Amino acid sequence: MKQIWCLFMCLCTNFSVILGQSFTRQDSLRGFLNQWRNCYDVTFYDLDIRVNPDKKFISGFNTMHYTIEADFDKIQVDLYQNMKLEKVLFKGNSLDFKREGNAIFITFPQTQKKGQTGAIQMYFSGEPRVAPNAPWDGGFSWKKDAQGNHFIGVSCEGDGASLWWPTKDHLSEEPDSMQISCAVPADLICVANGSLRKEEKLEDQYRKFIWFVSYPINSYNVTLNVARYTHFSDTYTSEDGAALELDYYVLPENLEKAKKQFAQVKPMLACYEKLFGKYPFWNDGFALVETPYLGMEHQSAVAYGNKYQNGYLGYDLSGSGYGNKFDYIIIHEAGHEYWGNSVSCKDHAELWIHEAFCTYTEALYVECMYGKEAGYSYVSGLKGQVSNQTPIVGPLGVNASGGGDMYFKGALMLHTLRNVLDNDVLWFEIIKGITTDFKLKNTDTPELTAYISQKAGKNLGYFFKQYLYFPQIPTLEYKIEKKDKAYSLSFRWEADVEEFAMPLKIKVGKEEITLNPTSQWQQIPLKQATFELKENTYYIYTELKN
């Protein structure tokens with residue numbers, strides 16, 4: 001989620017400087033797929049955790065199952081250094097391990113051979129980082145509800161799941177499935193990802209909730225929510241008649257508000273099904289869980305903290321009037337079930353694949369509910385939120401997120417591309433094609449942009465290069481000249497990418513004309529002294545030259 005307010009890899013021994021940023025070896029150990037990470041592929045996590053709310057303390061173990069991709073006698077896992085890794089077991093025997101900051105290197109007594117499978121059990125405990133400003137700065141949120149009961153959540157996008165449990169903490173690594181067992185005091189409920197398989201009473205006045213995730217999951221999406229929740233449910237019926245379970249976990253005092261506000265879910269799912277296909281985690285169900293922080297796209301357990309109001313905490317981010325017609329956290333975070341949770345990037349530097357498409361999904365939702373003009377108005381209203389100070393794609397391999405403009409500028413880029421293609425049938429085939437062909441997969445910028453170019457039937461490399469890898473957007477420079485009684489229009493693109501050649505349409509009176517600007521000046525006759533761009537269609541600058 002991480003809302004905005006406010007082309008190469010590098011393995012560093014000490015530090016490197018990329019695009020003016022300094023990165024340490026710790027950044028590389030976290031962000032780079034080195035030989036100790038590439039040698040194995042995680043297939044299943046069995047995370048068993050106990051939460052002590054009074055002491056803000058957690059303990060437990062994670063059994064990591066894997067397939068061996070290359071021979072190894074040492075692997076890297078990740079766990080923040082304030083958390084203690086107590087022991088590692090392999091076939092019942094203890095393994096040696098050595099910590100280097102937040103990275104842990106585990107040594108095996110014999111070489112593990114390619115093609116085999118294995119599992120290690122990692123026992124851990126500690127006081128996990130308290131979120132300084134959830135969900136933007138991650139960690140545990142240890143709060144109390146109005147009655148003084150514990151109200152706990154965890155959010156860790158960017159900061160990483162390893163701030164609270166040992167894992168291979170890289171976006172490219174998703175287990176095929178996962179079990180999450182959470183023990184909490186008996187008067188509380190623990191809600192995690194997936195579907196609830198079992199509830200057990202323990203002897204020490206604790207209860208254990210066992211959840212199962214039957215799909216691949218990003219590590220930062222793994223979550224725990226602990227409170228005296230009230231649960232209610234509903235059912236969404238898809239176009240083919242299949243039933244999807246909808247589960248809602250809210251504080252008791254908010255039950256009636258939630259029943260009213262969460263009525264937005266079923267129309268939203270209908271729009272998303274039309275646009276992107278059926279909800280991608282069907283067997284695990286869809287849940288909204290009230291949290292002590294604003295929200296996060298936790299897979300099949302979407303965190304909700306928007307105080308049961310429309311807009312973004314009551315504010316219309318677009319300024320169009322349409323942003324207050326829906327609950328931003330419901331629509332945006334549920335959009336991530338497709339963009340980010342199903343279609344996933346491989347590196348934090350390319351989070352635009354999550355955020356640009358998901359922010360654009362807000363506009364498509366508005367269009368679905370209120371019409372095309374409304375959707376155009378909404379996305380165009382986001383222009384005031386863009387800074388154009390840093391590129392959308394960040395440096396790879398160092399766990400650095402892309403630029404903040406990945407949200408609004410990213411959405412405007414996609415909206416611009418829709419109008420460049422000028423073929424809505426094709427455009428929505430491409431969008432749905434991405435959610436279908438990349439469903440439950442990881443991708444990257446070159447692969448995804450090549451896919452879009454191929455489906456569009458034209459090379460759009462220049463377009464993505466400009467909008468993703470440079471801070472500024474292109475400028476259409478133009479001159480209008482009069483000679484005798486005739487007018488002419490001269491025009492060209494001023495852009496960082498020399499081969500930038502985006503076509504666009506202008507209106508001259510009632511006539512619509514397609515321009516094909518390049519970096520070189522071109523001239524066409526004009527029937528009058530003025531022209532205008534089609535309203536709310538492109539995200540570009542224009543500049544009248546003398």
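Colleague: Let's begin with β13: over how many bridges does β13 pair with strand β16 (residues 206-213)?
Modeller: Ground rules: this is a predicted model, where local features need pLDDT of at least 70, side-chain atom pairs count only at pLDDT 80 or more, and totals for chains, interfaces and linings use all residues. Residues are numbered from 1 along each chain as its sequence is written, and side-chain values use heavy atoms, with hydrogens and water left out. Helices (H or I, at least four residues) and strands (E, at least two) are DSSP runs numbered from the N terminus, and two strands pair if DSSP finds at least two bridges between them. Ile180 has Trp211 in β16 as its bridge partner, and the number of bridges in this antiparallel pairing is eight.

Colleague: Which residue of β13 stands opposite Arg50?
Modeller: Look at strand β3 (residues 40-52), which runs parallel to β13 and is joined to β13 by seven bridges. Opposite Arg50, the β13 residue is Ala183.

Colleague: And how many of the nine residues of β13 are buried?
Modeller: Buried means under 20% relative accessible area, exposed over 50% and partly exposed in between, with a 1.4 Å probe and protein chains only. Strand β13 spans residues 177-185 and is mostly covered, its buried count being eight of nine.

Colleague: There's also an open sheet of three strands. Which strands stand at its edges?
Modeller: The order is β5-β9-β8, with antiparallel pairing. An edge strand has a single partner, so one side is left without a neighbour in the sheet, and that applies to β5 (72-78) and β8 (96-100).

Colleague: Which residue of β9 is the bridge partner of Lys98?
Modeller: β8 and strand β9 (residues 103-112) pair in the antiparallel sense through five bridges. Lys98 has as its partner in β9 Phe105.

Colleague: Is Asn388, with its positive phi, buried or exposed?
Modeller: Phi of Asn388 is near 55 degrees, in a residue other than glycine. Asn388 sits in the loop between α7 (372-380) and α8 (408-421). Its relative accessibility is 3%, so Asn388 is buried.

Colleague: And Asp484, is that buried or exposed?
Modeller: Asp484 is another non-glycine residue with positive phi, near 60 degrees, and lies in the loop between β25 (475-483) and β26 (486-494). Its relative accessibility is 69%, so Asp484 counts as exposed.

Colleague: What is the relative accessible area of Ser141?
Modeller: Ser141 is in strand β11. Contact means heavy atoms within 4.5 Å, and beyond neighbours within four places in sequence, Ser141 touches residues including Ala134, Phe151 and Tyr293. Ser141 is buried, with a value of 5%.

Colleague: How are helices α4 and α9 oriented to each other, roughly parallel or roughly perpendicular?
Modeller: Axes are lines fitted to C-alpha atoms, for helices over the stretch in contact, with angles from 0 to 180 degrees between N-to-C directions. α4 (residues 265-276) and α9 (residues 424-437) pack at about 100 degrees, with axes 8 Å apart. Angles under 35 degrees count as roughly parallel, over 145 as roughly antiparallel, 65 to 115 as roughly perpendicular and the rest as oblique. α4 and α9 are therefore roughly perpendicular.

Colleague: On to rings: what kind of pair do Phe463 and Phe464 make?
Modeller: Rings of Phe, Tyr and Trp (its six-membered ring) pair if their centres lie within 6.5 Å, with planes under 30 degrees apart counted as stacked, over 60 as edge-to-face and the rest as tilted. That rule gives 41 aromatic pairs. For Phe463 and Phe464 the centres are 5.4 Å apart and the planes at 90 degrees, so the pair is edge-to-face.

Colleague: And what kind do Phe463 and Tyr467 make?
Modeller: The centres of these two rings are 4.8 Å apart and the planes are at 40 degrees, so Phe463 and Tyr467 are tilted.
Both lie in helix α11 (residues 461-469), four residues apart, about one turn of the helix. Phe463 is buried at 1% and Tyr467 at 0%, and the label for the pair is tilted.
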